[in-house]
Amino acid sequence: VYSFRFEPNGQVVYEWVTDGFVRINGYTIEEVAKRGGTLTLVHPDDFEIARAHTQVLLRNQTDAAEFREISKDGTIHWLRNYAQPVWDEASGKVIRIYGSTQDISGQKLVEEALHANELRFRALIEHGMDNISLVAPNGTLLWENPAAIHMLGYAYDQFKGQNIFELIHPDDMKRIQTQFSNILSEQGKAIRDSFRLKHADGTCRWVEGIGTNLLHEPSVDAIVINYRDITERKHAE
């Protein structure tokens, strides 16, 4: 937590800071003042974000922003800064700013790792040769890759938001619903089975699929169903 005021000549004078302020960036308040203020500590790639944040405050508006700061030892920290200005009617200017800064580096690392996992997962499923569908615990279709759409002949997103069990042949329904419940019963559980799906032309396609419970994975948060068309094999049998 900190407070600073603006001198008539525009110089920034820090009135007080808590120990946490010094602990985050490693500089004493005197060192920060000699450098020209906290903007000089901001990572170059985030300078415009921090500068825009400051401009909002100088317009007498409370604001919050997230940006990186380089500490005295070279460590880069992600910070969330929340600040409130004090307006002087006589001068028509902001004369003081109160604020608090929180180190959110740990949170950012988790978010970046999650985002990286999402990108890897999407890259795998969107361009996969197999048919892949992501399904909610209640059976609602969340997403399917182009291969799945092509196999069944439906328009893109035609069944998105609807229950996938509507596509299953009535004779296979009870067994597949039981299998689906078994998948939901345990994190990471995977079950393989064969069943029939309704094609857009009114016929049925035999598919062999594996359903995997990845609801516990934040980057997936769904039941992943990988399946392929085995109609010709079934006819031959």
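1. On a 1 Å grid over the protein atoms alone, a cavity is a set of points where a 1.4 Å probe fits but cannot get out, and a pocket is an open set with protein on both sides within 12 Å along at least five of seven lines; lining residues have an atom within 4 Å of a point. Grid points are joined across faces, edges and corners, and a volume is the space filled by probe spheres set on the points.

2. This is a predicted model, in which local features need pLDDT of at least 70 and side-chain atom pairs count only at pLDDT 80 or more, while totals for chains, interfaces and linings use all residues. Residues are numbered from 1 along each chain as its sequence is written, and side-chain values use heavy atoms, with hydrogens and water left out.

3. The count is one cavity of 30 Å³ or more. The largest cavity has a volume of about 380 Å³. Its lining comprises 29 residues, with Ile164, Ile168, Phe195, Leu197 and Ile225 nearest the centre. At least two lining residues come from each of β6, β7 (141-144), α5 (146-152), α6, β8, β9 and β10; β8 gives the most, with five. Helices (H or I, at least four residues) and strands (E, at least two) are DSSP runs, numbered from the N terminus.

4. The largest pocket holds about 480 Å³ of space. Of the 28 residues that line the pocket, Phe4, Tyr14, Thr38, Leu39 and Thr54 lie nearest its centre. Elements that each supply at least two lining residues include β1 (2-6), β2 (12-17), α1 and α3 (47-58). The most come from α3, with five residues.

5. Helix α6 (residues 170-184) has 15 residues and should span 21 Å at 1.5 Å a residue; its end C-alpha atoms are 21 Å apart, which agrees. The expected span is 1.5 Å times one less than the number of residues. Asp172, Ile176, Gln179, Phe180 and Ile183 are the buried residues of α6, where buried means under 20% relative accessible area, exposed over 50%, and partly exposed in between (1.4 Å probe, protein chains only). These buried residues pack against β6 (131-135), β8 (190-198), β9 (204-214) and β10 (222-229).

6. Arg175 also lies in helix α6, and is partly exposed, with a relative accessible area of 35%. Leaving aside neighbours within four places in sequence, Arg175 is in contact (heavy atoms within 4.5 Å) with Asp193, Ser194 and Phe195. Phe195 is also among the residues nearest the centre of the largest cavity.

7. Strands β9 and β10 run antiparallel and are joined by eight bridges. Gly209 in β9 stands opposite Asp193, and its bridge partner in β10 is Tyr227.

8. Asn25 belongs to helix α1 (residues 19-25) and is buried, with a relative accessible area of 3%. The Asn25 side chain reaches the backbone nitrogen of Tyr27 at 2.9 Å. Not counting residues up to four places away in sequence, Asn25 touches Leu41, Glu69, Ser71 and Lys72.

How values were computed
Polar contact = N/O pair within 3.5 Å; in protein donor to acceptor, adjacent residues only side chain to side chain. Pairing = 2+ DSSP bridges.
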